[in-house]
Amino acid sequence: MRAMDSPPTALAAAPVRPGHGSGRGAWLAGAALAAVTFLAFLPALSNGFVDYDDQVYVTENPVVRQGLTWQGFLWALRSTEHLNWFPLTWLSHMLDVQLFGLAPAGHHLTSVLLHAAGAVALFALLRAATGALWRSALVAGLFALHPLRVESVAWVAERKDVLGGLLWMLTLAAYLAYARRPGPLRYAVVAAALALGLMTKPVAVTLPAVLLLLDFWPLGRWRPGAVSAPGATAPRRLLLEKAPLLALAAGAATVTLRAQQAGGAISTAAVNTLSVRLANATLSYLRYLGKAILPADLSPYYPFASHHPAADRTVAAAAALAALTGAALWLWRRRPALLTGWLWYLGTFVPMIGIVQVGNQAFADRYTYIPLIGVAVAAAWTLAEIPARARPAATAVVLAVLVLLGGLAAAQARHWHDTVTLFRQALRVEPGNVTALVNLGHALTKRGDLAAADESFLAALRISPRMRDVNLRLGINLTRLGRPEEALARYAAEIEIAPGNAEARRRAAAILLSTGRFADAERQLREAIGLRPDTAEAHRDLGLALIGQGRREEGVRELAEALRLRPGDPFATYLLQQARQGQPLGTASPPGRR
């Protein structure tokens, strides 16, 4: 190959045997990579948790909040909560709580260090596999510093990305050692590393296919039309070699799909037909490339409805993908790195590209964490073939791009400072983002800015009038603002949209109780209890409604049921005592309660 005959520069290494070269240069490059990655993501250490899954993964998770415990370990092994099976991810969160409590800086520090370690591991394994120092450093630098990495690094709930990414690199490193000196023990290390990766994030299901790509390039274990070359192995044997790894991946994929189906996260044909999902997937491949080239207007959520695939754009995207794939195949002899990188990109995106759609987003920045490594490999090895006279200028441009990317990543990390900041940024990117409006409303409510929260909720309803739970949240805020009749109207609107919303019925009943409409309150509470029989508050309030209608004996039974469901509840205990003593409950107020 022409590039391998070129003298070494910042973009093209001299021909060396894989794994050899300047040891001192490699150590310096690795150290510099770790340092600049840490500096780029340093702003994340000043961020807090965000109420966007951080609460379900860490801050409000009763198991994780206990730190590392034996019970927590067993729970992590069998838990399929939040639509996945990733025990190592759970354990990493528990370890952070053990070390740092609920101080967010410690959790962010762990994520930044894991990301930096993954970048260094990527650099080291590429250099070991190819002998190309600066090309490997460029790939690792693009991976480490790109603003698309921010969602994975600065979002505590996405710990699975950075931890899974590190284990991905370690699996590749283990496979490199096995490919050079095959043996049962080394193969067992590969399988163990893959298993750990699968226990961190199911996206590792594509790793066995990536190992086959590495067999083609850079390892040269298989060369089409040249299987008799020194060190080459027959394709069938390479496939059989991956069979145990494929079985591991298939098992993890099965568990994940079952968890997602049970949780209702997988979009059905009634929501998005297969043709719509295929069209969105086709467009998303080019969207991700566009974000990689121009990382502007990044958002934590890209709504599907706003990016609905149009037929003409889908056809054009499919033609572009076919042309790029055809070019990579046509050039495979001269530029095998280009083909490997491009197929890496296409293949590793398959679990997240949306053919099997999980959630309602059209695409997501975090999904690029592993796939864009392939694009970086293709770009670095292609760039290395530029004429020698252009290399100094190209090197300067590359360094400037890396500095720019690092600066953009630092700026993007600040958008994750808190929930309000995050979703205000999302709305700057896309003002009609309903999910961002609702999440901003929740965050403003938690901050105590109820008027601003209501504005955000109302804006969401103007765009999506039948969106669930938004009227419920408006009703809760209006109740706090002392506007019960307006709140009651919001609860009624929520019940009309979602008749099965037991919370809306219970809260509507509370207002009806406070205004003496006991029969209406009873009807709502019986519906709520039918939907959620184990809600202590509903039984307690039903007791009040029944006593208010003169049905004291029935009311006492409901108050007793409330205490059975929530033993020791002070308000239910007080009410039950008053009811049994024949005291009027309408004017009664327990000690310490208003």
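**R366 is buried, with a relative accessible area of 13%, in this close-up of its pairing with E151.** Buried stands for under 20% relative accessible area, exposed for over 50% and partly exposed for what falls in between, with a 1.4 Å probe and protein chains only. The model is a predicted one, in which local features need pLDDT of at least 70 and side-chain atom pairs count only at pLDDT 80 or more, while totals for chains, interfaces and linings use all residues. Residues are numbered from 1 along each chain as its sequence is written, and side-chain values use heavy atoms, with hydrogens and water left out. E151 and R366 form a salt bridge, with their closest N and O atoms 2.8 Å apart. The bridge joins distant parts of the chain: E151 sits in helix α7 (residues 150-154) and R366 in the loop between β2 (361-363) and α16 (371-383), 215 residues apart. The salt bridge label asks for a side-chain nitrogen of Lys or Arg within 4 Å of a carboxyl oxygen of Asp or Glu. Element names follow DSSP runs numbered from the N terminus, with helices being H or I of at least four residues and strands E of at least two.

**R221 and E241 meet through their side chains in a salt bridge of 2.9 Å, N to O.** R221 lies in the loop between α10 (207-216) and α11 (235-241), and E241 in helix α11, so the bridge ties together parts that are 20 residues apart in sequence. Are these two partners, R221 and E241, buried or exposed? Both are buried. Elsewhere, salt bridges with shared partners join E151, E158, K160 and R366 into one network. Back in helix α11 we also find P235, which is partly exposed at 35% relative accessibility. P235 and R221 are 14 residues apart in sequence, and their C-alpha atoms are 8.9 Å apart in space.

**K446 and D51 give us another of the salt bridges, at 3.2 Å from N to O.** This pair also links distant parts of the chain, with K446 in helix α19 (residues 434-447) and D51 in the loop between α1 (23-40) and α2 (54-59), 395 residues apart. K446 is exposed, at 56% relative accessible area, whereas D51 is partly exposed, at 25%. In total, the structure holds 26 salt bridges.

**The second largest pocket takes up about 670 Å³.** Its lining has 30 residues, and L142, I293, V375, A376 and A379 lie nearest the centre. Two or more lining residues come from each of α6 (133-145), α13 (274-293), α14 (311-330), α15 (336-348), α16 and α17 (391-414). Which element gives the largest share of this pocket's lining? That is α16, with eight residues. By class, the lining has 28 nonpolar, one polar and one charged residues. Here Ala, Val, Leu, Ile, Met, Phe, Trp, Tyr, Cys and Pro count as nonpolar, Asp, Glu, Lys and Arg as charged, and the others, Gly among them, as polar. For the geometry, a 1 Å grid is laid over the protein atoms alone; a pocket is an open set of points with protein on both sides within 12 Å along at least five of seven lines, a cavity is a set where a 1.4 Å probe fits but cannot get out, and lining residues have an atom within 4 Å of a point. Points are joined across faces, edges and corners, and a volume is the space filled by probe spheres set on them.

**The largest cavity holds about 160 Å³ of space.** Five cavities of 30 Å³ or more turn up in a search of the whole structure. Sixteen residues line the largest one, with L125, L126, L214, P218 and W344 nearest its centre. The elements that give two or more residues to this lining are α5 (104-130), α8 (159-180), α15 and α16, and α5 gives the most, with four. The lining divides into 13 nonpolar, three polar and no charged residues.

**The second largest cavity holds about 120 Å³.** Of its 14 lining residues, D161, K201, V203, Y369 and I370 are the closest to the centre. Helix α8 gives the most to this lining, with four residues. By class, the lining has eight nonpolar, three polar and three charged residues.
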